[in-house]
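Hi everyone, thanks for coming. Today I'd like to walk you through one structure, a few residues at a time. Have a look at it first, and then we'll begin with a question.

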Amino acid sequence: MRAALFAFASVLALTACSQPAAQTDAPAESEASGPAMTQIAAPVYPETRTVEQVDVYASAAEGEVAVSDPYRWLEQDVRVSEDVANWVEAQTEVTNAYLDQLPGRERIAARLAELWNYERYGLPTTRETEDGLRYFFSRNDGLQDQSVFMVQDGLEGEARPLIDPNEWAADGTTALAGTVPSPDGTKLAYLIADGGSDWRSIRVMDVETGETLSDEIEWVKFSPLSWAKDGSGFYYSRYPEPEEGEAFTALNLNQAIYFHELGTDQSEDVQIMADPDNPEVGWRGFVSDDGQYLIINSSTGTDGNGVHILDLETEGAEPVEIFEGFGNNHSYVGNDGETFWFQTDLDASNGRIVSVSLSAPEDLSDVVAEGDGPITGASHVGGHLIIETMRDVASAVSVYTPAGDFVREVALPGLGVASGFGGDPQRSETFYSYESLNQPATLYRYDVETGESEVFRAPELTFNPDDYVVSQTFYESTGGARIPMFVAHHRDVDPNGVRPTLIYGYGGFAITRRPDFDVRRLQWMEMGGVYAIANLRGGSAYGRDWHDAGRLANKQNVFDDFINAGHALIDMGWTSPDHLAIHGRSNGGLLVGAVANQAPDLFAAALPAVGVMDMLRFNQFTAGRFWVDDYGSPQDPEMFDVLYGYSPYHNIPETGEYPATLITTADTDDRVVPGHSFKYAAALQAAQTGDAPTLIRIETRAGHGAGTPVSKLIEEAADRWAFIAYHTGLEIED
């Protein structure tokens, strides 16, 4: 089984795919000299009513603080409140009227469709059937809204489609959100996401006939799916059905693990693990590679988990506790009988691989000791351990024996991101992908026994990756921290000129933004823009200590790192405040909102996407309570002072000069509910922030990012790129 430290945390956390974007022709050779000359009429904002809402919070510094929340009514679900629906409609009219005037917008969308139109494959999952190996994978022919799920018998067999989600909804917004073949490869359990929601439904298919079976599972969220060894059913986690009208806003509590036997009704599913006395504890179960054990993870947030192991073959067996509490992160790597390997950051900021026996669960032994770079994943394949690490954010992969003896390093093509390496402990075959900022994912088949890699799938592109330059630099931030940053641009861009530049950042939840490929980023570079990724504290670029340096009371370090990234790019001669834009999603949307408040004169444009903007109420909705691990609780007097001090909604300065801001959210985002962005937009529009526009783009039938149709992604990217191009002086012809 594939291990990934913080795997569940990354689901519960705020992240979703990063969203840089694109244009059409080759980069301009002349230096940008200022905002485009085309004059666009300033937007006239709809009037947003206010309410007399005041909350009193306990403050460590001041005792009690009364906080006004005049836009509280915008927290209501747009599907439930007619007032909110009318506000959304009015804002959308203003935003569309402004975006329609932006030069080059249609051209950007057309060129992005051209760049996006290349065949893409997902990493294969392999099962051994009676007739040999069967491979399952996704494929997109280029511009399909959703990828098609395929099956292929043998490496040389002909692939055939199993599931085409494009047939599920005319607007492409119903997505395939996960697939798990049964151990013998004859059945496929799959998860469905509708309209971008985090809620999942589970269905089961007969692989041979393509028939959908009668099994229907609902109210699944933040859950793995793991088959019993004999294929009789599977383990999954779900929450109780929400009250009517609260599915997209109510807190997620009382998660439990269930076993579903094929052919039975969900009401008959057997509850395996729950804790009604502690409803905030979540539970997830994974069947071990040999099928004998259920590895049970428990957590209350995004950082730290407990681990129990349940013997499924011994009647009446009780779960054995391996790791207690929620103070560290632990992931199952594999096992040999009662000996288990785990990836853990216990007593190891960069992580280590340990072994433990069920007969002596208190005794941990190092197998692969902590190294210079953080471990990002581990797997047990072909009698070997494959360990993935980061070296200054880029990927490095090594192979070890189960005893911890080094075998070899996997040769990678360059400065980029490798992922995958799942497989079977008994077979030496595994697959991985490699990508970089200028290179889409190429899939490789790797033999862990011989160390040989061969290309399995390589994309045929409509551009030349060699036309783009990717480099890494480092800059100093507060406290002397050395922050890595990737800078990418078209080869024709003059490195000595001042260019429109976009910085992307995240900085939280131990999530590191890697130099992976996104065609939208490539288009921004093709247009002549410079693209940068700043690897801020709060991520995991240098292990748990790096994460801790950017969370809770240390959150200001993240904002300082992002601000200093802008200064560094200016000092290096890439750009200037008139040509600099910032972008971040989710926790990164919070980052952009906070930084725009703190240094409004440093940036010409800001793109806060699906952001956490009200730091005093984030834990009142859906998955928000999980984020207390990273943010702290506003009900804690000391953390209230920290949160209130940087909350984007509460700290908008009346400066007279503020970056042009395009806020983006979606009506079905039940991860970071859209009320965050609604309230922030209303407050920013009401503040005296100068002549730069504040707009909010609200996508319908979409959520936090996962499963968004390609057509919607192209439209959104064209709007973003046209907006920041206009406000950073990147000229585009209509």
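How much space lies in the second largest cavity? It comes to about 70 Å³. Please keep in mind that this is a predicted model, as that goes for everything I'll show you. The count of cavities of 30 Å³ or more is four.

Among the residues lining it are Glu 75, Gln 76, Asp 77 and Arg 79. Phe 248 and Thr 249 belong to the lining as well, and so do Asp 667, Asp 669, Val 673, Pro 674 and Gly 675.

Where do the two partners, Arg 617 and Glu 75, sit in the chain? Arg 617 lies in the loop between β37 and α8, and Glu 75 in the loop between β3 (63–68) and α2 (82–99), so this pair ties together parts that are 542 residues apart in sequence. Both Arg 617 and Glu 75 are buried. The two also belong to a network of salt bridges, where they are linked with Asp 55, Asp 69, Arg 72, Asp 614 and Lys 679.

Now for another pair. Arg 427 and Glu 128 meet through their side chains in a salt bridge of 3.3 Å, N to O. Arg 427 is in the loop between β28 (417–423) and β29 (429–436), while Glu 128 is in strand β5 (residues 125–129), so parts that are 299 residues apart in sequence are tied together here. Is Arg 427 buried or exposed? Its relative accessibility is 16%, so Arg 427 counts as buried, the cut-off being under 20%.

One more pair: Arg 551 and Asp 303 form a salt bridge at 3.6 Å, N to O. Arg 551 belongs to the loop between α5 (544–548) and α6 (556–571), and Asp 303 to the loop between β17 (293–299) and β18 (306–311), so this pair ties together parts that are 248 residues apart in sequence. Arg 551 is buried at 13% relative accessibility, and Asp 303 is buried with a relative accessible area of 8%.

Next comes a charged residue with another story. Arg 514 is located in the loop between β34 (501–504) and α4 (519–526). Arg 514 is buried, yet it has no salt bridge. Setting aside neighbours within four places in sequence, Arg 514 is in contact with residues including Met 390, Val 393, Ala 394, Val 417 and Ile 533.

Ser 395 turns up again around Thr 389, a residue of strand β25 (residues 384–391). Thr 389 is buried, with a relative accessible area of 17%. Beyond four places away in sequence, Thr 389 touches Ala 394, Ser 395 and Ala 396, and also Gly 373, Pro 374, Ile 375 and Thr 376.

Pro 374 leads us on to Gly 543, since Gly 543 is in contact with Pro 374 as well as Ser 349 and Asn 350, leaving aside neighbours within four places. Gly 543 sits in the loop between β35 (530–534) and α5, and is buried at 4% relative accessible area. Gly 543 and Asp 345 are 198 residues apart in sequence, with their C-alpha atoms 8.6 Å apart in space.

Finally, a word on backbone angles. Most residues other than glycine have a negative phi. Which value does phi take in Trp 219? Phi of Trp 219 is near 60°, which is positive. Trp 219 is in strand β12 (residues 217–227) and is partly exposed, at 26% relative accessible area. Thr 622 also has a positive phi, about 35°. Thr 622 is in the loop between β37 (605–609) and α8 (628–631), and is buried, with a relative accessible area of 1%.

Methods. Residues numbered from 1 in each chain as written. Predicted model: local features only at pLDDT ≥ 70, side-chain atom pairs only at ≥ 80, totals over all residues. Heavy atoms only, no water. Helix = DSSP H or I, 4+ residues; strand = E, 2+ residues; numbered from the N terminus. Buried < 20%, exposed > 50% of the residue type's maximum accessible area, 1.4 Å probe, protein only. Lys, Arg positive; Asp, Glu negative; His and termini not counted. Salt bridge = Lys/Arg side-chain N within 4 Å of Asp/Glu carboxyl O. Contact = heavy atoms within 4.5 Å. 1 Å grid on protein atoms, 1.4 Å probe; cavity = no way out; pocket = protein on both sides within 12 Å on 5 of 7 lines; lining within 4 Å. Points joined across faces, edges and corners; volume = space filled by probe spheres on them.
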